[in-house]
Structure formats: C-alpha cells, structure tokens
Amino acid sequence: MNAWISAFAAATVAAPFLLFAANLLGLPLGRPTVYTCILLAAALVRMRAAGGKGALFPSRPPFDARSWSRKACVLLLVLVVTTALVQAVSLPLYHWDALVLYGFKAKVLFQAGTFRTPAFLDPGIVHPNTNYPLLVPYLEAAFYAVLGRVDERLVRILFFVYWLAYLALVYRGLRLKTGRDASLALTALLGTVPLFFIDDATQAVSGSVDVPFAFYWTGAVLSAIEYREEGAPRSLDECLIFSFGCLFTKPHGLALVAIPAAIAFRGRVDRTRWRSVAVFLASAACWLWTRSRLPDNVDYAPRVFEARMLATAWHRIPIVGEAWLRELARFDHWGLFWAFILAALGFAAYRRRLPSPVRLILAALGVQALVYIGVSLVVPNEIGSFLDATLPRLAIHLSGLAVIAAGWALEGTKPRRPPGDELL
Amino acid sequence: MPTKRPRPGFPALLLAAALAANAALLAHEGARTLRIARAALGRPNEQRRLLIYGGLYADIDQARREVPETATLWWVSPEYPWLISYYLYPRVLRWGSPDRSARDEFRRRHPGDWVIGFAPNGRLQLDRGIE
C-alpha cells in the first residue's frame with residue numbers, strides 16, 4: 001500500500017478513536033484533547049511510515065504526459081477534482097444523512113464535548129439513529145474544534161479529501177498489477193461517475209459517509225489480498241486499520257469486516273501478529289460495548305424489526321433483484337461504468353481464466369452484495385422507497401473494488417512477454 | 001524505423017466510450033455547479049442556507065432568534081423534525097406528540113418551555129408555554 005494512503009487511513013482512524021476513548025475516560029473534546037489526539041495520531045503515522053515500504057516523499061521520475069489518452073485522462077481528473085472542490089466550498093452541508101445522521105452528532109460532540117450527554121443518551125430527545133458509528137462525527141467535531149466554530153461549508157473539504165484519497169487508493173490498487181495508462185484511465189472512469197456530482201447524498205462532498213466507507217472498505221480488501229499474497233506483516237496491520245475504519249464508519253461495516261478477515265487469515269489466525277489483532281479486537285469491543293448502551297431509533301415507529309419479516313422476505317427477492325439491475329444500468333447515475341466493468345470481466349474470463357486476486361475481489365463483492373440484498377429483504381421499511389434511497393450509495397461501496405478487478409482481469413488477457421523483454 | 005502502434009481492443013474502445021459519456025455528463029453537472037457557486041459567492045452561510053431551503057430555513061432562523069439556547073422545545077406535529085433538531089441545537093428538542101391538536105395541552109403542561117411543529121400550511125409554528 002502506498003505510504004500516503006496508509007498514513008491517511010491510519011490518521012483518520014486513530015484520531016477519532018482516540019477522541020472517542022478520551023470521552024470514554026471522561027475527558028471532554030476541548031482544543032487540548034483534540035490537539036493531543038491529533039499529535040498522537042501523527043506520531044503513529046510517522047512510526048508506521050518509518051517502518052514501512054516506500055517513504056512518504058520518495059524521489060520519482062517526472063510524470064510523462066506525452067500520449068493523448070494520458071493527457072485526456074489527466075484533464076478529466078483535473079476537471080472532476082475542480083468540480084468537487086467548487087461544490088464543497090459553494091454551499092454548506094445540506095444533504096439529509098450528512099446533517100441528520102452524522103452532522104447532528106458532530107455538532108453535539110463539538111458543543112457538549114462528549115457523547116455522554118442527554119442528546120445521545122436520553123431517548124426522549126430528537127436524535128435519529130443515535131447508535132450509528134462515530135468516526136466521521138468525531139472527525140467533523142475535531143475540525144470544528146480546530147476552527148473554533150461550526151462551519152458546515154468548510155467541513156466539506158474533509159469529504160473532498162476523503163474522495164481524493166479514495167481515487168488515489170483505487171489508482172494505487174490498479175497499479176499493483178496494471179500499467180500506468182490503464183490505471184489512469186480506469187481511475188478517471190471511476191472519478192467521473194456522474195453519481196459523485198449530481199445533487200444527491202451520493203455527491204462526493206455531500207457529507208454522507210459513503211465515500212469514506214468506500215475508502216476503508218476498498219483498502220481493507222486490497223490489503224487483505226496483499227497480505228494473503230505476500231505475507232508482509234505491514235499489510236495485515238493496514239488491513240486491520242482499514243477494517244476498523246469500516247466498522248467505525250457505517251453500521252453494516254461490522255458485518256463486512258469478516259470478508260477481509262477471511263481473505264487475510266484463510267481460516268486461521270496468524271499468531272505472529274497477535275498484538276495487532278488484539279488492539280483491533282479491543283478497540284472494536286470498546287465501540288460495540290458503547291454502541292450497545294446507546295438508544296436506537298427513538299420514536300421511529302415503523303422501523304422496528306419483526307421476526308415475521310423473515311417469513312415474507314422471499315416475496316421481495318424479484319423486487320430487490322430488479323432494483324439492483326435498474327440502478328447499475330442507470331445512465332444518469334453511472335454512465336457506462338457498470339456496463340464497462342461487466343464487459344471487461346466477461347471479456348477477460350472468455351480469454352483466460354481470471355487470476356486468483358480477481359476471483360478473490362469478485363468473491364468479496366459477491367458476499368458484500370449478498371449482505372446488502374439480505375438486509376433489503378428483511379428491513380421493515382417500505383421496500384420501494386428504501387431501495388431508492390439506499391441502492392445508489394451501496395453501489396458506490398462496490399465501485400472501487402469493481403474497477404480494480406476489471407483492471408487486473410484485463411491485464412491478465414495481455415500476451416505474456418518473455419523474460420527481459422520489458423527492457424525493449 | 002517507427003514501431004506500429006497496436007490497434008485498441010474491445011475493452012479499450014468501450015472504456016473510451018464510457019469516459020466520453022462521463023465527460024458529457026460531467027460537463028452538464030459542472031455547468032450547474034458553476035451557476036450555484038456564482039449565486040452563493042460572497043454570501044455568509046446563513047444566506048446560502050436560505051438559497052437551499054427557502055422559507056423553511058427562514059422559519060428555523062426565526063425560531064433560533066426567539067428561543068434561548070438553554071431552552072427546551074416540544075415537537076408536536078406528525079412530521080419528523082430531523083432538520084429542525086439539527087439547526088435548533090443546542091436547544092433541546094423533545095418528542096411531544098404526532099397529534100397537532102395536542103399543542104395547547106403541551107403548552108399548559110410545560111409552561112416554561114416552547115412548543116414547535118409544522119402548521120397545516122407547512123410553515124413552522126412556534127409558541128411559548130402557557131403560564
């Protein structure tokens with residue numbers, strides 16, 4: 001994993017968790033606590049960078065942009081990055097989830113200094129999904145603490161940085177097995193997906209946590225594959241950091257972290273890294289214990305799970321399946337993104353058996369999709385509106401790994417060069 | 001002697017088509033983004049929220065000016081008050097009743113607090129408790 005991406009993941013996971021731990025110990029979220037936690041997170045990042053492969057500032061050959069295709073991809077990326085930045089600084093947060101689910105928590109954390117306050121603990125106070133994970137709210141609250149005020153416009157820059165990190169992670173993931181031009185083109189394809197710009201909670205800088213979640217999820221699976229292939233202890237540490245990011249960012253992250261764990265450990269626990277695994281499990285236990293003590297949806301009457309939903313779940317299978325297909329084919333959301341992914345994978349599978357890492361990614365995506373479909377089958381909400389609201393965002397979680405799988409699969413269809421031929 | 005460039009295969013052509021489609025959609029969204037940015041330029045966040053929500057935010061802002069930050073409000077309305085609770089914080093917004101006709105009852109039961117909810121015309125209605 002690239003040193004910068006690894007450092008960003010470590011910092012954005014460590015700082016919010018340290019703030020959460022400080023709250024658990026009774027320390028409020030004032031400027032001293034925030035600066036101390038940021039310094040501790042920075043020290044952790046520095047330690048990891050010192051022992052890792054690849055420095056933070058390696059010397060690189062200058063970027064060669066002679067080919068037209070490369071120039072076009074760079075131009076597209078510059079345009080999307082500029083568009084996202086302009087969107088971030090134009091308007092304050094206004095999308096539903098960004099304000100209601102996560103922004104409210106951030107505001108309470110900043111102003112009350114802790115989650116141990118009636119706004120979180122008293123079910124009589126209006127606060128939806130009180131027990132949702134707190135990684136992004138803590139980051140936003142730390143941002144407000146450094147700024148000294150709540151500024152819902154400047155805080156969108158945080159999400160802009162997450163989106164850049166997501167694109168960088170996908171590019172680096174592609175580069176592990178794919179050439180520079182193809183990686184650049186596929187990253188541009190992902191970056192220009194219309195869903196990231198339209199006026200919806202899926203917007204790259206909307207303030208919803210789907211882009212941060214996609215970042216951690218993609219990183220967790222990639223580093224698990226890297227660990228499985230190379231066995232480098234550092235990859236396992238990265239996998240654990242990304243996995244903790246998953247479960248501390250979105251509620252269903254808890255279910256999904258079993259997938260990178262299964263990839264990395266192949267059914268057995270690696271005893272050489274027991275300390276890292278123990279830190280991960282202890283941190284996860286801290287959060288899950290706290291979560292179990294927070295009230296769920298207060299007075300949110302229709303959203304009560306009933307066991308009888310299981311009996312009628314199968315009626316929903318065609319509805320959910322059709323909704324997924326419709327979403328992935330939506331031109332105004334995805335352009336030809338999924339058409340390309342399916343065609344590329346089909347083409348590669350036709351030409352040659354898909355390589356093992358691609359099959360692993362596809363298996364991870366398959367299990368992830370099954371989890372999402374399973375939730376849709378039993379969720380007590382009205383199914384139509386639930387799917388409309390959630391599918392575009394869930395598909396974003398799949399997008400990074402899907403484009404990496406397509407890139408790796410296509411690379412496997414190229415004729416192999418004889419040894420030494422690369423120098424020609 | 002110049003080497004002959006290989007012809008792009010099917011995946012490369014499809015990728016080029018997908019990038020072209022995305023570029024066209026991006027141009028449309030980019031233009032919309034610029035229009036919004038120009039409309040918002042130079043305004044404080046409060047006015048930018050007015051651009052987004054219109055009258056609803058004007059009502060919320062009015063409530064913020066009237067109700068002290070330490071006050072408690074009761075939500076008496078069938079709609080969910082999620083956005084209202086966000087903008088009114090640190091004022092405490094408590095669940096009251098989904099029945100609008102219970103408004104006066106809540107005002108009498110909580111004389112030191114405030115009662116808030118949507119009126120049938122969709123405007124935000126705010127009243128002080130009845131002493």
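This is a predicted model: local features need pLDDT of at least 70, side-chain atom pairs count only at pLDDT 80 or more; totals for chains, interfaces and linings use all residues.
With a relative accessibility of 4%, A:Asn129 counts as buried, because buried means under 20% relative accessible area. To place A:Asn129 in the chain, show the loop between helix 5 (118–121) and helix 6 (135–147) of chain A. The backbone is worth a look here: A:Asn129 is not a glycine, yet has a positive phi of about 45 degrees. Most residues other than glycine have a negative phi.

Next, select A:Lys177. This residue sits in the loop between helix 7 (156–175) and helix 8 (180–191) of chain A. Is A:Lys177 buried, exposed or partly exposed? Its relative accessible area is 32%, so A:Lys177 is partly exposed. Now display what surrounds A:Lys177. Apart from neighbours within four places in sequence, A:Lys177 is in contact with A:Glu229, A:Pro357, A:Trp408 and A:Glu411. Then pick the C-alpha atoms of A:Lys177 and A:Pro357: they are 9.9 Å apart, although 180 residues separate the two along the chain.

Select helix 18 of chain A, residues 356–378. A:Pro357 is one of the buried residues of this helix, which also include A:Val358, A:Leu360, A:Ile361, A:Leu365 and A:Gln368.

Not counting residues up to four places away in sequence, A:Leu398 touches A:Trp324, A:Trp338, A:Leu365 and A:Gln368. A:Leu398 belongs to helix 19 of chain A, residues 383–411. Its relative accessibility is 8%, so A:Leu398 counts as buried.

Now show both chains. Where they meet, 37 residues from chain B and 59 residues from chain A take part in the contact. Together the chains bury about 4200 Å², with 71% of this on carbon and sulfur atoms. In chain B, select B:Trp82, B:Tyr86 and B:Tyr89: these lose the most area to chain A, together 20% of what that side buries.

Look next for polar links across the contact. There are 15 residue pairs in polar contact between chain B and chain A, counting pairs with both residues at pLDDT 80 or more. Colour chain B by element: helix 1 (10–40), helix 2 (45–53), helix 4 (82–88) and strand 2 (92–97) each supply at least two residues to the side that touches chain A. Helix 1 gives the most, with 19 residues. By type, the residues on this side of chain B are 27 nonpolar, 5 polar and 5 charged.

The count of salt bridges between the two chains is 2. To see one of them, select B:Arg49 and A:Glu152, whose side chains meet at 2.5 Å, N to O.

What kind of peptide bond joins B:Tyr89 and B:Pro90? The bond is cis, with omega about 15 degrees. Most peptide bonds are trans. B:Pro90 is found in the loop between helix 4 and strand 2 of chain B.

Notes: Residues are numbered from 1 along each chain as its sequence is written. Chains are lettered from A and ligands numbered from 1 in the order in which they are written. Side-chain values use heavy atoms; hydrogens and water are left out. Contact means heavy atoms within 4.5 Å. Buried area is the accessible area (1.4 Å probe) that two parts lose on being put together, summed over both. A salt bridge is a side-chain nitrogen of Lys or Arg within 4 Å of a carboxyl oxygen of Asp or Glu. A polar contact is a pair of N or O atoms within 3.5 Å; within protein, one must be able to donate a hydrogen and the other to accept it, and residues adjacent in sequence count only if both atoms are side-chain atoms. Helices (H or I, at least four residues) and strands (E, at least two) are DSSP runs, numbered from the N terminus. Ala, Val, Leu, Ile, Met, Phe, Trp, Tyr, Cys and Pro count as nonpolar, Asp, Glu, Lys and Arg as charged, and the others, Gly among them, as polar. Buried means under 20% relative accessible area, exposed over 50%, partly exposed in between (1.4 Å probe, protein chains only). The expected span of a helix is 1.5 Å times one less than its number of residues.
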